[in-house]
Protein chains: 2
Amino acid sequence: MRFSVALIPTLKEAPVEAHTVSHRLMLRAGLIRPLGSGIYTWLPVGLKILRKVEAIVRQEMDAAGAQEVLMPAVQPAELWRESGRWDFYGKELLRILDRHEREFCFGPTHEEVITDLARRELKSYRQLPVNFYQIQTKFRDEIRPRFGIMRGREFLMKDAYSFDMDATGLDVTYRAMHAAYTRIFQRCGLGFRPVEADTGSIGGSSSHEFHVLASSGEDVIASCTRCDYAANLEKATSAPLSASATPDDEPMRLVATPGKKSIPEVSAFLNLPESRLVKCLVVEAGGRPHLLLLRGDHELNLVKAANALGVDAVQVPEPGRIAELTGGLPVGYMGPVGTTLPILADRATESLVSFACGANQTDHHLTGVVWERDLPRPACADLRNVQPDDPCPRCAEGHLRLDRGIEVGHIFKLGEKYSKALNVTVLDPEGKERTPIMGCYGIGVSRIVAAAIEQNHDDNGIIWPVALAPFEVEILLANPNDALSVQTAESLYAGLTAMGIGVLLDDRDDRLGVKFKDADLIGCPLRVMAGGRALKEGKVEIQIRKGGDPLQVPVAEALATLRDLLGKLAGEESNGVGSWTQN
Amino acid sequence: MRFSVALIPTLKEAPVEAHTVSHRLMLRAGLIRPLGSGIYTWLPVGLKILRKVEAIVRQEMDAAGAQEVLMPAVQPAELWRESGRWDFYGKELLRILDRHEREFCFGPTHEEVITDLARRELKSYRQLPVNFYQIQTKFRDEIRPRFGIMRGREFLMKDAYSFDMDATGLDVTYRAMHAAYTRIFQRCGLGFRPVEADTGSIGGSSSHEFHVLASSGEDVIASCTRCDYAANLEKATSAPLSASATPDDEPMRLVATPGKKSIPEVSAFLNLPESRLVKCLVVEAGGRPHLLLLRGDHELNLVKAANALGVDAVQVPEPGRIAELTGGLPVGYMGPVGTTLPILADRATESLVSFACGANQTDHHLTGVVWERDLPRPACADLRNVQPDDPCPRCAEGHLRLDRGIEVGHIFKLGEKYSKALNVTVLDPEGKERTPIMGCYGIGVSRIVAAAIEQNHDDNGIIWPVALAPFEVEILLANPNDALSVQTAESLYAGLTAMGIGVLLDDRDDRLGVKFKDADLIGCPLRVMAGGRALKEGKVEIQIRKGGDPLQVPVAEALATLRDLLGKLAGEESNGVGSWTQN
């Protein structure tokens, strides 16, 4: 592509509304432009990157035996009513009335459509296992679209749906998808991590998320420093924490703590570490209040709380509502002693020999509270977010580290949720009707582009992995009025193109400084400059975008050198060099 | 692809709702399945065909210097208000309210979005000419979706939009697109015809449609048997018709024609050929009535009438409304003599020496009516559809023939309609603000699949051109329990795959008759059968789907023969052998 005739509207400054690195750089490098909130046009260079991701995903899904289909974006409401999601899905579902006032939606996902296809077309166990995928535009009406395409409303997704005869079959399909996803992100040259994820109350039995590691990621993922344990924050657990060191014989005592409500305030006032306090949180589940107990230094995990209470979700009530639910317990001074409300305690509170907590009396706390002596041991469950250095739940020897990640893939054992709801049956070898068991497998194709940038950039711009680069090489024509410079640049352009290497030729009639800046911004893996003193000596200057000193290479060797460098870079990237600790 | 594990749900019978050949065959061959009215899922084999069309379109657009972008499907209403189309477009525009009650539509076309992009990103004449295209899912809420994907609601389209500094520049771009379209349809192996099309009242100055020729086409296209004149029915004209042979001296006479209203009835009753009658039609344009005069054997062309009257569209009023508009003239007996209503006559009526027409009196006609003697010559314009054998308007020596076509492409000089409405300006070399001039260029990517089938099929199924075939070759494994048959089929499968030739291996454990029928239905260009007596003699049987005797070829030569046959077929098809008269 010739820069002079292409639409590559680079910007010196990013618009103020762009807060994340990838959003800023995608706008500045001229990859995308907003059309509305969370809705973007992909410009020529951006689209090239998107298509590269798409091609890698397609190849690996095909190689894994999945069959590509293309389902409609517009879906009839009846199917969503059958699955029960028309009412459940809420406002993220973009609902549409057609000219005949029939209800439709712009599909945010396609479980209903594929399951409808399956019930019509799958008749016999001979047709199973089968796995359908598509790469298709989706719409989710996010309440606050943000971070550019990272959390946009219209986006490109690969979604796949498998049908197996039984759980054993689904295991095989699921593992094949796990392997395919691993290959996809490896081939993309990204530092990533598959982590265990919560399956929620849907009843799916297993789920993994694939995260691109980036300090700007919205998600926190925990992993063991010794073994292969890794899970997202909703799911991650730790081995039991050790008991507090010194037993405490002091009696339970009522202490005035006037105006001290927060954990740091109480901790300082009582001169007790936060880990010796127990905080008492009220949540509402199914309309009923529950007191949840956590160590003062721990955070409640709402997903775990919902799972422990056996509900889809728990609500954290407003202060006014808390008084109503608890019969007037004082916010900031609530505690488990003497209450008749149902109590659920986090496991980490179990090993506290004695602790302080609210006294259910304004401006007062209890200290020296001891399980069984001062109150019965309540029901316990894992309710908290793990913390750095918590002991690993798998190997118990390692400790957990927390990293930030961007979720780019999700695989999920759906079970029979949709196949039951839409009544899919196939005949087994004995001629009996059986309900297939499903899995679903998503990849945020457009999100990968942003995630790759979050992981691979510096102050000057993007640093594309070879596999995703819009062009593997950018040629800078130093001086469009210098015949030797033009001839060299054009010859490299023709040569690289003939070798099947994507190349951007910056042939603009502009200052060289502008071209250098734009080249760094757009971030092609290799930059070759035709001009200046080097060229007078018969050489071109090659710069690896990732860093290192520029190479002076004789013009005659430039093509071979560029090819070899690309091969070396691509090899390193797809082998995941530094992937886990990257960025 | 292995038939045994692929979803290729062939059907013996097409569902009753499928009326056209392509709709029936696409359902029967398992290419698509309906999800709702005018909304279809593309199954694996169908999608392969769609992707082949897409790839050809993309390559030729790229080769023509157009830049690929991807615009959102969901478009804000504000842009459509700026262009004036939000209210104008009517119910075909699928309107959407998002969660914040803001108005959007599912884009049926993207003039507004691209023009908005242009006004933000195009600043200088140096950036022009530029041509953007995308291949993207569109939605038009057709009142009666029909013919399967041919006139569906959700469909895949290639749309392109060009910006030039002036009309001369647009001419160049337009010709380049004309040439690219020609290459696209040639490469698809389709019999097609570019024809002049009406530009309507939008003010575009030039327009061509590309039609795939098929007897089932919805459109009629006229072309000269001698020269290259070709136009669609809205646009086609003829050279002036010759005057009727014999002058007629009879006086004008009032004749009772009780109950004779239609042209055939009056013609028979008066014993005059229909071409000697003048029929008088009332239309409403801008709220005013007009009497249109046509020869009895001619048909009114509403587009021409609107153009002649300088309005967007003319309405044909209901009988009750006619009485109201005309002050009570009797339907079936209206005529131009003695009326004060504005009259516009088709040119073909000019050369009538005398004629019969309604007398504006129930149950009466006038005969022997002569221009200038009995009534003033009215204003004239071309108002009629051309008919077969009309003289060619270009060479005057040839005659017109009428064929049916399916519109698969449309190129259009838009002029300044959108660039003015959305206020796009760029600086010219003198630093003056100028409004770019636009063209737009559409191809119905999914419709091409259906059009190709309408043009290429027989009673047994589809006959794919090589370029669009989901698989170039289908291998029939005659007997999955016969080792030699299996070994031969697998070896051909591996060999063809290695040669980059798409191949479907029918390895199902099913009767050979079923496989033959499905092979004909799916319509791969070449079929090779591994089994039976031929294989015992070391041969496979190759059948060209288009016809001809099967070839018996030694197994060792099969790959080379298949490759050569494909090359030969593809060459013939892309050279348009028989394209104009095909089907």
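Two strands are said to pair if DSSP finds at least two bridges between them. The legends below apply this term to a predicted model.

**View 1. An open sheet of three strands in chain B.** The strands of this sheet follow the order β13-β18-β17 (chain B), and their pairing is antiparallel. β13 (253-256) and β17 (355-358) of chain B lie at the edges; each has a single partner strand, so one side of each remains without a neighbour in the sheet. On average, neighbouring strands of this sheet are turned by 30 degrees against each other, direction ignored.

**View 2. The pairing of β13(B) with β18 of chain B.** Strand β18 covers residues 364-369 of chain B, and four bridges join this strand to β13(B) in the antiparallel sense. Within β18(B), B:T367 is the bridge partner of B:R253. In general, strands of a sheet pair through backbone hydrogen bonds, either parallel or antiparallel.

**View 3. The domains of chain A.** The domain assignment divides chain A into domain 1 (3-236 + 402-454), domain 2 (253-381) and domain 3 (471-573). Between the C-alpha centres of domain 1 of chain A and domain 2 of chain A, the distance is 38 Å.

**View 4. The interface of domain 1 and domain 2 in chain A.** Here, eight residues of domain 1 of chain A make contact with six residues of domain 2 of chain A. Together the two domains bury about 490 Å², with 38% of this area on carbon and sulfur atoms. Three residue pairs, both residues at pLDDT 80 or more, are in polar contact between domain 1 and domain 2 of chain A, while zero salt bridges are found across this interface.

Definitions and conventions: Residues are numbered from 1 along each chain as its sequence is written. Chains are lettered from A and ligands numbered from 1 in the order in which they are written. This is a predicted model: local features need pLDDT of at least 70, side-chain atom pairs count only at pLDDT 80 or more; totals for chains, interfaces and linings use all residues. Side-chain values use heavy atoms; hydrogens and water are left out. Helices (H or I, at least four residues) and strands (E, at least two) are DSSP runs, numbered from the N terminus. Axes are lines fitted to C-alpha atoms, for helices over the stretch in contact, and angles run from 0 to 180 degrees between N-to-C directions. Domain bounds come from an automatic or database domain assignment. Contact means heavy atoms within 4.5 Å. Buried area is the accessible area (1.4 Å probe) that two parts lose on being put together, summed over both. A salt bridge is a side-chain nitrogen of Lys or Arg within 4 Å of a carboxyl oxygen of Asp or Glu. A polar contact is a pair of N or O atoms within 3.5 Å; within protein, one must be able to donate a hydrogen and the other to accept it, and residues adjacent in sequence count only if both atoms are side-chain atoms.
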